[in-house]
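Biologist: I would like to go through this chain with you, one question at a time. Could you begin with the terms and then turn to the residues and helices?

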Amino acid sequence: MPAQFSKRYYDRFYGDDPVHTPERIAHLAAGVHGMCGWLELPVTSVLDVGAGPGYWRDWFAEHQPDVAYTGVDVSEYACERYGHDRRDITTWCPDDTYDLVVAQGVIQYLDDTGADAAIEHLAEACDGMLYLELPTAFDRVTVIDADHTDLDVHWRHASWYRDRLAPYFVQFGGGMWIARRAGVPLYELGPPNAEAPDRRPAPEPLGARAAESLGSGA
C-alpha cells in the first residue's frame with residue numbers, strides 16, 4: 001500500500017487541480033471543531049491519520065494553537081515532505097488517546113483485514129469524536145467525481161462499515177462519529193437512522209436515466 005501514495009499520487013490529487021484545498025479543509029475543520037464544542041466535547045488533542053498535505057494541522061496551528069496535534073501517515077513521501085510520523089494504522093495502535101481523531105480518505109484503501117484492524121485502533125485512540133470520510137459502493141455511482149477521486153480503492157456497502165463502527169461509536173452525521181465511552185446524550189432525531197437498509201448500486205456506473213431513477217428513489 002505505501003507505494004500507492006508516492007510523489008506521483010500527490011502530484012495527481014494535490015497538484016494543479018486538487019481534490020482538497022486548504023480553504024475547503026479549513027471549513028471542514030472549523031465545522032467539526034465547532035460541533036465538538038456544541039456537544040461539550042473538549043478538544044485538547046488531535047490525531048490525524050493519513051494526514052497527507054497537513055491541512056488539518058495547519059488549521060489547528062492557526063486557529064487552535066494550544067491543541068496538541070499528532071499527524072501520521074503510511075506514505076514515506078508524505079512523511080518526508082509534510083513532516084508527519086510514519087505509522088500504519090493497520091498495525092499501529094496509539095499508546096495515547098485523543099479528543100478528536102481524523103481519518104479522512106484512509107479506510108477505503110485497506111483490505112478487509114486491514115480495515116477491521118484500523119477501525120479497532122481508531123476506536124482505541126478516540127475519547128471523543130471521530131471524523132471519518134470514505135466513499136461506499138453506493139457513492140461510486142451517485143456521488144463520486146471520477147476525475148477528482150482515486151477509484152483504486154475497496155468499494156464496500158455502508159452496512160459493512162456500520163457493523164464494525166457501531167460497537168465503539170454513535171453515528172452523528174456529516175462524517176462525525178461520537179465515541180460511546182464519551183457518554184454524550186443525544187436527541188433521538190440527532191443521529192441518522194443507522195438501521196436503514198443499503199441502497200445497493202450496480203457494480204458499474206449507471207446511465208443517466210438509471211442514475212436519475214436511483215436518485216429519486218424509484
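Modeller: A residue is called buried when its relative accessible area is under 20%, exposed when it is over 50%, and partly exposed in between, using a 1.4 Å probe and protein chains only. The model is predicted, so local features need pLDDT of at least 70 and side-chain atom pairs count only at pLDDT 80 or more, while totals for chains, interfaces and linings use all residues. Residues are numbered from 1 along each chain as its sequence is written, and side-chain values use heavy atoms, with hydrogens and water left out.

Biologist: Is Thr 136 buried or exposed?

Modeller: Thr 136 sits in the loop between β5 (126-133) and α6 (137-142), where helices (H or I, at least four residues) and strands (E, at least two) are DSSP runs numbered from the N terminus. Leaving aside neighbours within four places in sequence, Thr 136 is in contact (heavy atoms within 4.5 Å) with Trp 155, Arg 156 and Ala 158. Its relative accessible area is 12%, which is under the 20% limit, so Thr 136 is buried.

Biologist: How does Glu 40 count, as buried or exposed?

Modeller: Glu 40 lies in the loop between α2 and β1 (45-49). Its phi is near 60 degrees, a positive value in a residue other than glycine. Because its relative accessibility is 71%, Glu 40 counts as exposed.

Biologist: What separation do the C-alpha atoms of Glu 133 and Ala 103 have?

Modeller: Glu 133 is found in strand β5 and, at 27% relative accessibility, counts as partly exposed. Not counting residues up to four places away in sequence, Glu 133 touches His 20, Leu 28, Ala 103, Gln 104, Gly 105, Val 106 and Gln 108. Although Glu 133 and Ala 103 are 30 residues apart along the chain, their C-alpha atoms are separated by 6.5 Å.

Biologist: How many nonpolar, polar and charged residues has the contact of α2 with α3?

Modeller: Helix α2 (residues 22-38) and helix α3 (residues 55-63) pack at an angle of about 65 degrees with their axes 9 Å apart, the axes being lines fitted to C-alpha atoms, for helices over the stretch in contact, and the angles running from 0 to 180 degrees between N-to-C directions. The contact is made by Pro 22, Ile 25, Ala 26, Leu 28, Ala 29, Ala 30, Val 32 and His 33 of α2 and by Tyr 55, Trp 56, Trp 59 and Phe 60 of α3. Ala, Val, Leu, Ile, Met, Phe, Trp, Tyr, Cys and Pro count as nonpolar, Asp, Glu, Lys and Arg as charged, and the others, Gly among them, as polar. By that division, the contact of α2 with α3 has eleven nonpolar, one polar and no charged residues.

Biologist: Within what arc do the buried residues of α7 fall?

Modeller: In helix α7 (residues 158-165), Trp 160, Tyr 161 and Leu 165 are buried. Seen down the axis of α7, with directions taken from the helix axis to the C-beta atoms, these buried residues line one face of the helix, because they fall within an arc of 120 degrees.

Biologist: Which orientation do α5 and α7 have to each other?

Modeller: Among the elements covering the buried residues of α7 is α5 (112-125), and the axes of α5 and α7 come within 10 Å and cross at roughly 40 degrees. Angles under 35 degrees count as roughly parallel, over 145 as roughly antiparallel, 65 to 115 as roughly perpendicular and the rest as oblique. The orientation of α5 and α7 is therefore oblique.
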